[in-house]
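This briefing covers backbone geometry in one loop and the packing of nonpolar side chains.

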Amino acid sequence: MFVRKDLSYSQICVQSIHAVIEHCKNFSPYENVHPNVIVFELENEESLILEMNKLASKGIELIPFREPDIENSLTSFACKTVSGSARKTFSKYKLLGEKK
């Protein structure tokens with residue numbers, strides 16, 4: 001799941017949860033498997049849109065969340081659970097709060 005880091009800390013938490021809810025509503029759950037939940041940060045809405053489009057072009061299924069209270073802007077998106085070599089697609093992204 002990806003979230004903008006240009007939001008307040010409380011909004012980052014809320015928007016992350018919204019993305020998880022959208023994930024649960026739109027992607028079928030895996031039987032007897034609890035998927036990993038990883039939160040990546042991106043700078044702003046522009047970078048969120050850019051990376052969302054890049055991932056979609058690689059065949060990663062995802063669901064965006066737009067916050068009505070923030071002018072319907074894109075604040076986060078969640079990706080369908082991936083496994084195996086598809087996980088390497090995400091190695092370039094920064095974890096939320098990670099110092100690099």
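Relative accessible area sorts residues into buried (under 20%), exposed (over 50%) and partly exposed (in between), with a 1.4 Å probe and protein chains only. The model is predicted, so local features need pLDDT of at least 70 and side-chain atom pairs count only at pLDDT 80 or more, whereas totals for chains, interfaces and linings use all residues. Residues are numbered from 1 along each chain as its sequence is written, and side-chain values use heavy atoms, with hydrogens and water left out.

**Loop between strands 3 and 4**

- Strands are DSSP runs of E with at least two residues, helices are runs of H or I with at least four, and both are numbered from the N terminus.
- Glu71, in the loop between strand 3 (62-67) and strand 4 (73-79), has a positive phi of about 55° although it is not a glycine, and counts as exposed because its relative accessibility is 78%.
- Asn72, found in the loop between strand 3 and strand 4, also has a positive phi, of about 60°, without being a glycine; Asn72 counts as partly exposed because its relative accessibility is 44%.
- Most residues other than glycine have a negative phi.

**Nonpolar cores**

- A nonpolar core is a set of buried Ala, Val, Leu, Ile, Met, Phe, Trp, Tyr and Cys residues joined through side-chain atoms within 4.5 Å.
- The largest has 13 residues, of which Phe2, Leu55, Phe77, Cys79, Phe90 and Tyr93 touch the most other members.
- Strand 2 (40-42), helix 2 (45-57) and strand 4 each give two or more residues to this core.
- Apart from it lies another core of five residues, including Met1, Ala19, Ile63 and Ala78.
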